[in-house]
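Please look over the chain shown below with its charged side chains in mind.

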Amino acid sequence: MADHDLSLLEAVFLAVEIVDEAGTRELANDIAMILKTGDTICLSGDLGAGKSAFSRALVRALAGDPELEVPSPTFTLVQTYGLDRFDLSHFDLYRLEEPEEIEELGLEDLLETGAALIEWPEKAQDLLPANALWIRITQPPGETDRRVFHLSSNLPDWQQRIGGTLKTRTFLRASGHGGAQRRFLAGDASLRTFETVHDGARADVLMRWPFQGDAVAANVRAYMEKVHLARDCRAVVAVGSELRRHGFLAPEILAADLDQGFVLLQDLGRETIVRDGRPVPERYHAAVEVLAAMHAQTWPDTVELADGSVYALPAYSQDALIAEAALFLEWYVPERSPPKADARAGTEFEALWRKVLNRLPDAQTGWVLRDFHSPNLLWQDGRQGIGRIGLIDFQDTVRGPVAYDVASLLLDARTDIGAALETELFDAYVTAREAASPDFDRNVFSDAYAAMAAQRISKILGIFVRLAERDGKPAYLNHLPRMLAYLGRVLDRPVLSDLKDWYARYLP
């Protein structure tokens, strides 16, 4: 090995002993779950050490296909797989004659859109990325199946990521799923990630969400606290268990380690209330039925967890509502609005919002799931009543105006809800509430609905621009015309007449 590789071996941060090939596949699966664009894995070891078995298992785990054909790139030198998460380029440098040939294979360009797995990395000497994860496989003398995987890297992040994925496997073993196949489901730079866990014919969903603590920047943490965003998995367990106790279809909690941030959940599927990008009216009516049933019940302020701790549902205060709406002023106006807002505009914005919210003293309050829209409403074909809608992504539930969730559904940020369908669904909700509660006041609810709709749309307009400008996700800008159309629709309501004049200055 080259000198820099030897220095890495001296800095081995972990040695994993594997007793058979099944263990090799499991380790490859665990490492595949934490790979991301730009990563390089350098796989070293003697002939017959098990590099091919590890490589094959890693590629199949990333592809989510245990039967995928994974040929050795010994003669082609590189084989690239176009996968859902990112491309993976599998290199075999055994036949490399000169280290500089690695540049001709385009490794640097490939890492811009994907990750790389490199067998026989010694052949490239010091031309490989300095932040690679090096894995050297050794075989103890006299052993046939046993292997030791020595992991090293110059990048401290690898140690944290490897430690996290191995803790995940430990949790699965403790919950009776030690040999399960893990497949990536969702999650990127955030601390909350999701996987599907396949154990035989059964598939569950694993969420990992450790306590965030100092891992979140101080300004972000301050905003989270101000608007009452959940900080760890206790919120999921508390809210989910209470929803199920009240008869609603939240995922069953199969196992949990609250201190480590692991929750194993029932998999409710992937089919939402949208088909081919368009709302399915029957399914939206079913979701309205869920909200009407939910808002006819009384919900607790606190939930006791199995470990004896108590989770308190935060209040959706005026300060929280205004802080969220102000994302429009903070992000949308500077980037998308011709006139630039000054300090006076911000002061006026807050005063106008407080005036609107003060007009809603009689609006019903209860649990607000906060993201009650199509991506989080899973259609359960063959079920009846409120069981037709599976509920997910409810960790930020608060106590506030219940009209918020109705507005979230009827003015769905991810699909076009026409004015006629909105009216139809609104009337269906009101009719159901009037039938269940004779004292339900349509006019009071209508005002609350308009205010919560304007607040949520303002927040989302700000978030979508922030995702594009700060986080490099321009696709969210495609949703702006829809949200602006919704905002124009709701600002015509009398309760928002003063706000309408303010927004007119900053909307195209």
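**Charge on a predicted model**

Glu97 lies in the loop between strand S4 (87-92) and helix H4, where helices (H or I, at least four residues) and strands (E, at least two) are DSSP runs numbered from the N terminus. The structure is a predicted model, in which local features need pLDDT of at least 70 and side-chain atom pairs count only at pLDDT 80 or more, while totals for chains, interfaces and linings use all residues. Residues are numbered from 1 along each chain as its sequence is written, and side-chain values use heavy atoms, with hydrogens and water left out.

**Negative patch**

- With a relative accessibility of 68%, Glu97 counts as exposed; the classes are buried under 20% relative accessible area, exposed over 50% and partly exposed in between (1.4 Å probe, protein chains only).
- Glu97 belongs to a negative surface patch that also takes in Glu98, Glu100, Glu103, Glu104, Glu108, Asp109, Glu112 and Asp126.
- Two or more residues of this patch come from each of helix H4 (101-104) and helix H5 (107-113), and the largest share, three residues, comes from H5.
- Patches are made of residues with over 30% relative accessible area and no salt bridge, like charges being joined within 9 Å and nonpolar side chains (Val, Leu, Ile, Met, Phe, Trp, Tyr) within 5 Å.

**Salt bridges**

- A search of the whole structure finds 35 salt bridges, each being a side-chain nitrogen of Lys or Arg within 4 Å of a carboxyl oxygen of Asp or Glu.
- Arg173 pairs with Glu26 in a salt bridge whose closest N and O atoms are 2.4 Å apart; this pair links distant parts of the chain, with Arg173 in helix H6 (residues 156-174) and Glu26 in helix H2 (residues 21-32), 147 residues apart.
- Arg173 is partly exposed, at a relative accessible area of 48%.
- Asp39 forms a salt bridge with Arg161, the closest N and O atoms being 2.4 Å apart; here Asp39 sits in the loop between H2 and strand S2 (40-45), whereas Arg161 is in helix H6, 122 residues apart.
- Both partners of that pair are buried, Asp39 at 8% relative accessibility and Arg161 with a relative accessible area of 12%.
- In a further salt bridge, Glu324 meets Lys459 with the closest N and O atoms 3.4 Å apart; Glu324 lies in helix H10 (residues 318-325) and Lys459 in helix H15 (residues 442-469), so the pair ties together parts that are 135 residues apart in sequence.
- Glu324 is buried at 2% relative accessibility, and Lys459 is buried with a relative accessible area of 8%.
- Through shared partners, salt bridges join Glu26, Asp30, Arg169, Arg173, Arg182 and Glu195 into one network.

**Whole chain**

- The chain has 17 helices and 20 strands, and its C-alpha trace spans about 80 × 50 × 40 Å along the principal axes.
- Of the 508 residues, 50% count as buried.
- Residues 24 or more positions apart account for 69% of the contacts with a separation of 6 or more, a contact meaning heavy atoms within 4.5 Å.
- There are 53 positive and 77 negative side chains, and the centres of the two sets lie 5 Å apart; Lys and Arg count as positive and Asp and Glu as negative, His and the chain ends not being counted.

Conventions: Charge placed at Lys NZ, Arg CZ, Asp CG, Glu CD. Areas by Shrake-Rupley, 256 points an atom, 1.4 Å probe, with all protein chains shown as cover.
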